[in-house]
Amino acid sequence: MTAAQVGTGQLPLVQMTGVTKHFPIQRGVMRRTVGHVRAVDGVDMTIPSGSSMGLVGESGSGKSTLGRLMLRLIEPTSGTIMFEDSDVTRLKARSLRRIRRHMQMVFQDPYSSMDPRSSVGDSVAEPLRTQLGLRGRELDERVADLFRLVRLSPTYRGRYPNEFSGGQLQRIAVARALATNPKLVVCDEPVSSLDVSTKAEVINLLADLQDELGIAYLFIAHDLGVVRHVSDRIGVMYLGRLVEEGDAEAVYSSPKHPYTQALLSAIPVPDPVVQRSRTRIVLEGDLPSPANPPSGCHFHTRCPYVMDVCRAVDPPLAVTSDGTRVFCHLIPPTGAEVLVPPAP
Ligand SMILES: Nc1ncnc2c1ncn2[C@@H]1O[C@H](COP(=O)(O)OP(=O)(O)O)[C@@H](O)[C@H]1O
Ligand code: SF4
Ligand SMILES: [Mg+2]
């Protein structure tokens with residue numbers, strides 16, 4: 001919780017504490033469990049109401065699993081997930097249904113997330129019917145409003161998904177996610193499957209809607225460039241752990257964790273002088289298996305600054321002077337100025 005929230009006594013919208021998700025690896029005809037994929041490995045995360053958390057990291061780092069856990073689409077192995085004053089992990093089916101209307105998801109591929117046999121108007125109307133009980137004229141008007149909200153003409157409502165471009169269909173998926181006036185929308189790589197020109201259009205729409213409606217986002221992407229315009233804060237995941245989390249501008253202008261620095265150094269900067277002054281950190285090798293993560297700091301097998309302590313000891317939490325939370329042995333503990341690692 002931020003200092004301001006403590007002052008107003010306001011609860012964060014989402015508060016995850018020590019959340020883990022271990023998927024069993026099963027082999028043989030008896031489906032014997034031979035190990036576990038540690039997809040999410042002890043994550044603490046807070047999302048204030050109306051604020052946007054960008055979540056980045058390579059493919060396989062646990063981002064989608066974290067998003068699904070937040071909405072309790074899957075059960076955590078351990079940890080607590082509070083949504084306002086409800087512990088989502090303990091809610092019984094009926095209470096869970098009641099808060100589901102406040103938490104929705106937008107998926108990567110709009111063609112597979114929409115029913116090809118239903119008109120897009122019916123797909124947008126479905127949560128209004130089932131979760132809010134709307135019927136008749138009230139339902140029709142709300143569907144038309146939702147089309148206008150995502151900058152599409154309500155005259156498209158009778159058409160089918162295959163009649164739309166990817167960008168248009170993703171906007172319809174956003175309309176459906178917003179139908180029940182949710183407080184939280186998990187956007188799981190919502191622009192990754194779109195072409196470059198449509199990407200910007202959908203990102204701008206999502207950013208505008210957040211301003212207009214005051215929704216909170218968990219906005220997942222595999223690169224930092226995409227999340228910049230929609231995020232108040234940014235979290236960086238590596239092998240199931242949140243390695244750095246802070247104010248979006250602080251993470252962009254002074255990334256502290258060597259993994260964040262590597263991700264950022266891969267994004268070209270428009271200014272050639274700034275571009276030349278930046279140290280490019282190339283990540284060697286692939287992401288290790290989350291079934292058998294490296295000891296100590298999970299990033300030690302690829303880190304250009306690795307020290308002996310990194311292989312043996314989990315890095316403790318450090319909070320830097322700009323409020324960034326970071327897990328790296330190079331960063332001095334709470335309250336200290338940031339130590340920027342030397343070039344590798
Ligand atoms: N249902 C599942 N069963 C087993 N392993 C899974 C399942 N879902 C995800 N995983 C594994 O968990 C890890 C994290 O996956 P995911 O959350 O999809 O990462 P990301 O979204 O960052 O690409 C991957 O190794 C993936 O193979
Ligand atoms: S703890 Fe060590 S290995 Fe991990 S990121 Fe920091 S310097 Fe690199
Ligand atoms: Mg994913």
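Reader: Which residues is Ile74 in contact with, leaving aside its neighbours within four places in sequence?

Author: In this predicted model, the partners of Ile74 beyond those neighbours are Lys21, Phe23, Thr65, Arg68 and Leu69. What makes each of them a contact is the cut-off of heavy atoms within 4.5 Å.

Reader: Thanks! And where does Ile74 lie?

Author: You will find Ile74 in the loop between helix H2 (63-70) and strand E4 (78-83). Thr89 is 15 residues away from Ile74 in sequence, and their C-alpha atoms are 9.7 Å apart in space.

Reader: Let's move to Val120. Why does Val120 count as buried?

Author: The relative accessibility of Val120 is 0%. Buried means under 20%, so Val120 counts as buried.

Reader: What is Val120 in contact with, apart from its neighbours within four places in sequence?

Author: Val120, whose place is in helix H5 (residues 120-132), has a list of partners that includes Met114, Tyr156, Arg157, Tyr160 and Pro161. Phe147 is one of the contacts of Val120 too; these two residues are 27 apart along the chain, with 9.9 Å between their C-alpha atoms. Leu169 and Ile172 are also among the contacts, and you will meet both again where H5 meets H7.

Reader: That brings us to the helices. Why are H5 and H7 called roughly parallel?

Author: Their axes cross at roughly 25° and come within 8 Å. Angles under 35 degrees count as roughly parallel, and H5 and H7 are therefore described that way. Their crossing is right-handed.

Reader: What makes up the contact of H5 with H7?

Author: On the H5 side there are Val120, Ser123, Val124 and Pro127, and they meet Leu169, Ile172, Ala175 and Arg176 in H7. By class, that gives 6 nonpolar, 1 polar and 1 charged residues.

Reader: How do you know whether H7 and H8 are roughly parallel or roughly antiparallel?

Author: Set the angle against the cut-off once more. Helix H7 (residues 166-178) and helix H8 (residues 196-213) pack at about 20°, with axes 10 Å apart. That angle is under 35 degrees, and H7 and H8 are therefore roughly parallel. H7 passes H8 in a right-handed crossing.

Reader: Which residues of H7 and H8 meet there?

Author: H7 brings Gly167, Gln170, Arg171, Val174 and Leu178, while H8 brings Thr198, Glu201, Val202, Leu205, Leu206, Leu209 and Leu213. The residues of this contact divide into 7 nonpolar, 3 polar and 2 charged.

Reader: What is noted about phi of Asn181?

Author: Phi of Asn181 is near 55°, a positive value in a residue other than glycine. Asn181 has its place in the loop between H7 and strand E7 (184-188). Arg31 also has a positive phi, near 50°, and lies in the loop between strand E1 (14-27) and strand E2 (32-47).

Reader: Is Asn181 buried or exposed, and how do you know?

Author: Its relative accessibility is 51%. Exposed means over 50%, so Asn181 counts as exposed.

Reader: Finally, the whole chain. How many helices and strands are there in the protein chain, and how do you know how compact it is?

Author: The protein chain has 13 helices and 12 strands. Its radius of gyration is 21 Å, close to the 20 Å that the globule rule gives for 344 residues, so the chain is as compact as a globular protein of that length. Of those residues, 49% count as buried. As for contacts between residues at least 6 apart in sequence, 62% join residues at least 24 apart.

Notes: Residues numbered from 1 in each chain as written. Chains lettered and ligands numbered in written order. Predicted model: local features only at pLDDT ≥ 70, side-chain atom pairs only at ≥ 80, totals over all residues. Heavy atoms only, no water. Axes fitted to C-alpha atoms, helices over the stretch in contact; angles between N-to-C directions. Helix = DSSP H or I, 4+ residues; strand = E, 2+ residues; numbered from the N terminus. Parallel < 35°, antiparallel > 145°, perpendicular 65-115°, else oblique. Left-handed = near helix turned anticlockwise from the far one by under 90°. Nonpolar A, V, L, I, M, F, W, Y, C, P; charged D, E, K, R; others polar. Rg over C-alpha atoms; globule rule 2.2 N^0.38 Å. Buried < 20%, exposed > 50% of the residue type's maximum accessible area, 1.4 Å probe, protein only.
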